[in-house]
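Biologist: Please take a close look at one part of this model for me. Keep it brisk.

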Amino acid sequence: MNLSVTIGTLQLKNPITVASGTAGYGEELSKFVDIGALGAIFTKGLSLKPRAGNPGPRIAETPSGMLNSIGLENVGIETFLLHKLPFLLQSQATVIPNIAGHSVEENVELAKILSHTDGIAAVELNVSCPNVKEGGIAFGQDITVFSKLLEKVRAVTRGVLIVKLSPNVTDITQFAKAAKEAGANAVSAVNTFLGMKIDIKTGKPYFANKVAGLSGPAIKPIALRMVYQIVEKVDIPVIGIGGIFTVDDALEFLMAGATAIQIGTATLINPDTSAVLLGNLQDYMKKNSINDINDLIGIAHR
Ligand code: SIN
């Protein structure tokens with residue numbers, strides 16, 4: 001059975017990956033999952049200097065989902081390269097750092113550093129974090145700003161460049177098209193939806209940053225629709241994200257045309273979800289005599 005999929009020049013062992021921010025830098029996850037057997041690990045969004053993130057509370061459960069307001073807490077690129085990457089590489093993981101600089105220059109610098117680092121499979125540029133005052137979603141909602149950033153990051157990125165899109169736009173296909181035009185090799189769709197919670201004891205916003213990002217099964221049908229629409233309109237590999245908890249969810253995204261998928265919120269509930277889904281995907285293929293995963297990808301469009 002062939003489970004490998006291709007994104008630009010990058011071949012993944014299989015389409016099951018873990019989403020940025022839900023598995024840190026792989027170490028904790030490795031206690032539950034053979035991270036070397038997954039398609040890839042997308043790291044927590046990295047900045048040049050370590051970031052402390054937002055003051056708490058940072059998470060709230062919602063019906064069929066959760067809100068987060070982490071604020072891109074991360075160890076910074078230097079610590080990542082010195083102390084986190086070696087473990088990932090020893091574990092044979094396919095490593096895709098997510099970069100989340102607060103300015104164009106910071107993103108360019110991060111992409112440059114990673115382009116000169118051995119063992120990096122690709123870079124995922126985060127233009128969609130809703131929880132920070134500078135950068136993040138501000139790069140992902142204005143098409144001119146978005147294109148300019150991408151062109152600059154593309155110019156210094158040697159390998160595969162993936163752009164993580166924001167769903168908080170009127171027409172996501174326009175951003176996927178602009179990503180392709182600027183030279184991105186793939187898009188990840190989608191990051192979290194802007195949401196909010198009010199603390200009824202104080203009558204004030206629950207999160208210090210007021211708004212937060214909604215993820216989990218609640219967003220799955222909307223994320224799936226966006227993936228389908230991008231695949232229909234733009235010829236670029238799409239990595240599907242949004243409330244994938246079961247193999248049926250994964251199959252829906254693949255059939256909608258996602259080349260690979262990222263497991264996010266589900267990992268926070270059951271850390272072994274990615275491994276379970278990989279096993280269940282193989283079982284599904286066996287049962288249905290599917291020898292090549294690529295025969296499933298995009299069948300909803302045929
Ligand atoms: C966060 O760190 O606030 C979440 C990251 C993201 O939404 O990209």
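Modeller: Val-190 sits in the loop between strand E11 (186-189) and E12. Strands here are DSSP runs of E, at least two residues; helices are runs of H or I, at least four; both are numbered from the N terminus. This is a predicted model, where local features need pLDDT of at least 70, side-chain atom pairs need pLDDT 80 or more, and totals for chains, interfaces and linings use all residues. Residues are numbered from 1 along each chain as its sequence is written, and side-chain values use heavy atoms, without hydrogens or water.

Look at the backbone first. The peptide bond from Ala-189 to Val-190 is cis, with omega near 10 degrees. Most peptide bonds are trans. Another cis bond joins Gly-56 and Pro-57, with omega about -5 degrees. Pro-57 lies in the loop between strand E4 (40-42) and E5.

Two strands pair if DSSP finds at least two bridges between them.

E5 pairs with E6 (residues 65-68) in the antiparallel sense, over 4 bridges. Ala-60 stands opposite Leu-67 in E6. Strands of a sheet pair through backbone hydrogen bonds.

Next, the ligand. Asn-68 and Asn-191 are among the residues around the ligand, which also include Lys-44, Ile-70, Gly-71 and Leu-72. A residue is counted here if one of its heavy atoms lies within 4 Å. Further members of this set are Asn-126, Cys-129, Pro-130 and Asn-131.

A polar side-chain atom of Asn-191 lies 3.0 Å from a ligand oxygen. A side-chain N or O atom of Lys-44 is 2.7 Å from an oxygen atom of the ligand. From Leu-72, a backbone N or O atom lies 2.7 Å from a ligand oxygen.

Methods. A polar contact is a pair of N or O atoms within 3.5 Å; within protein, one must be able to donate a hydrogen and the other to accept it, and residues adjacent in sequence count only if both atoms are side-chain atoms.
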